[in-house]
Amino acid sequence: MEGGNAAYAGGRRGSPVFPREYQAETLFQIDIAFKMRWQFSAGGRGRGGAGAAEGEGLLQSRHILLDFAAEQEHARRIRIITQSEIMSRKPIIAANWKMNMGPAEAREYLAGFRKELAAFDGSHVEKVLVPPFVTIPAVMDALGGCSCVGVGAQNCSDRDNGAYTGEVSTAMLAELGVRYVVLGHSERRRYYGETDSFINGKIKKALAAGLTPIHCIGETLEQRDGGQLESVLRTQVTEGLAGLAPEQAASVVIAYEPVWAIGTGRTATARQAQEAHAFVRSVLADSFGRETAEKIRIQYGGSMKPDNALELMAQPDIDGGLIGGAGLKPDSFAAIIRAAC
């Protein structure tokens, strides 16, 4: 409850409106006050009839107020934790280039992108470029060692090394200076049959190598329309992060990407996105505790663009974006970053 003059609802229909001084009291003060009133009441002196009713009424009010104060104290602590952790969750905006831009295009992109970044203070936002494997060295070279922009990979192997043709290990990525890796993207799930347990193995490998996994989750249109949104997200979160300790989970970035909004031009409303993000955070709290859940950043990955970024980023549980098409143009990607500042 907010404000000292509001009536206490707390799930009790028809509960009385309590004076401001009672609402502000501590549990101890409320208990002492009611014990004193009980002792001097007719009920406390053992008289029957109306006196007993008065005493019983005092006892009932005492129990209600104690419950109220306990809930208020709990809510106050939750709000403090939530506000503190939200302020400590640095927004993270990542451009997933997918199978676009070779080394030459990347160098041209970076020349324009660095000029865009110089026009405003983006230090409060974690910025990430996620190019194809073959383009990573060119991006690193074009950044010139600048730590203002991190570099990620679009996938990694669930194996350390060996006879696995076409695979790239986390150790190889770390050697290149890569700091992030996108895992479980809907396109990997759809076209290459990646399962939650398979993705879980990759997440563990990434963490062991000191990389930050960006764990993608999200429902199809059929799943959403079929009322499966929550069950799909719960499964993807719990199975994808299975076996992690809370401190490991806190290092993972979650990217919620409603599959029906990727590359289609359709976007979830800010309200739809916030509801999904809040649900994901509740699942994280169930798995790792509320304190850890409040530390985990959750990006929105469903067609975030310059014209909707500000509204989406204003939502309390949206901590950034995993950007597709808009991340292929330096000016539009920089505009999204600016919206997160």
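## Strand S5 and its partners

In this predicted model, strand S4 (residues 180-183) and strand S5 pair in the parallel sense over four bridges. Within this pairing, Val 182 stands opposite Ile 214 of S5. S5 also pairs with strand S6 (residues 253-256), again in the parallel sense and over four bridges. Here Ile 217 is placed opposite Tyr 256 of S6.

## Helix H8

Helix H8 comprises 13 residues, 196-208. The buried residues of H8 are Asp 196, Ile 199, Asn 200, Lys 202, Ile 203, Ala 206 and Leu 207. They cover an arc of only 165° around the axis, which means that they lie on the same side of H8. An α-helix has 3.6 residues a turn, so residues three or four places apart point the same way.

On the other side of H8, Ser 197 and Ala 208 are exposed. The buried residues of H8 pack against several elements, among them S4, S5, helix H6 (170-176) and helix H7 (186-192). Helix H10 (229-240) and helix H11 (246-249) also belong to this set of packing partners. After H8 comes Gly 210, which has a positive phi, near 85°.

Leu 244 lies in the loop between H10 and H11. Its relative accessible area is 10%, and because buried means under 20%, Leu 244 counts as buried. Leu 244 and Lys 204 are 40 residues apart in sequence, yet their C-alpha atoms are 7.8 Å apart in space.

When residues up to four places away in sequence are not counted, Leu 244 touches Ile 203, Lys 204, Leu 207, Ala 249, Val 252 and Phe 288.

In soluble globular proteins, nonpolar side chains tend to be buried together. The largest nonpolar core of this model has 66 residues, and Phe 113, Leu 129 and Leu 284 have the most contacts inside it. Helix H12 (residues 270-288) supplies the largest share of this core, eight residues. Leaving aside neighbours within four places in sequence, Phe 113 is in contact with Leu 129, Val 149, Pro 330, Phe 333, Ala 334 and Ile 337.

A second, separate core has 11 residues, including Val 130, Ile 214, Cys 216 and Leu 322.

## Cysteines and the disulfide

The model has one disulfide. It joins Cys 146 to Cys 148, with an S to S distance of 2.2 Å. The cut-off for a disulfide is 2.5 Å, so this pair qualifies. The link of Cys 146 and Cys 148 is right-handed, with 130° about the S-S bond.

The accessibility of the cysteines can also be described. Cys 146 is partly exposed, with a relative accessible area of 22%, and Cys 148 is partly exposed at 36%. Cys 341 is likewise partly exposed, at 45%. Cys 216 counts as buried, with a relative accessibility of 0%.

## The loop between S1 and H4

Lys 98 is found in the loop between strand S1 (92-96) and helix H4 (103-117). Its phi is positive, near 55°, in a residue other than glycine. Lys 98 is partly exposed, with a relative accessible area of 22%.

Met 101 also has its place in the loop between S1 and H4. Although Met 101 is not a glycine, its phi is positive, about 70°. At 13% relative accessibility, Met 101 counts as buried.

## The chain as a whole

The secondary structure of the protein chain comes to 15 helices and eight strands. Of its 341 residues, 45% are buried. Among contacts with a separation of 6 or more, 70% are between residues 24 or more positions apart.

Key. Residues numbered from 1 in each chain as written. Predicted model: local features only at pLDDT ≥ 70, side-chain atom pairs only at ≥ 80, totals over all residues. Heavy atoms only, no water. Buried < 20%, exposed > 50% of the residue type's maximum accessible area, 1.4 Å probe, protein only. Pairing = 2+ DSSP bridges. Helix = DSSP H or I, 4+ residues; strand = E, 2+ residues; numbered from the N terminus. Expected span 1.5 Å × (residues − 1). Arc of directions from axis to C-beta. Contact = heavy atoms within 4.5 Å. Core = buried A, V, L, I, M, F, W, Y, C linked by side-chain atoms within 4.5 Å.
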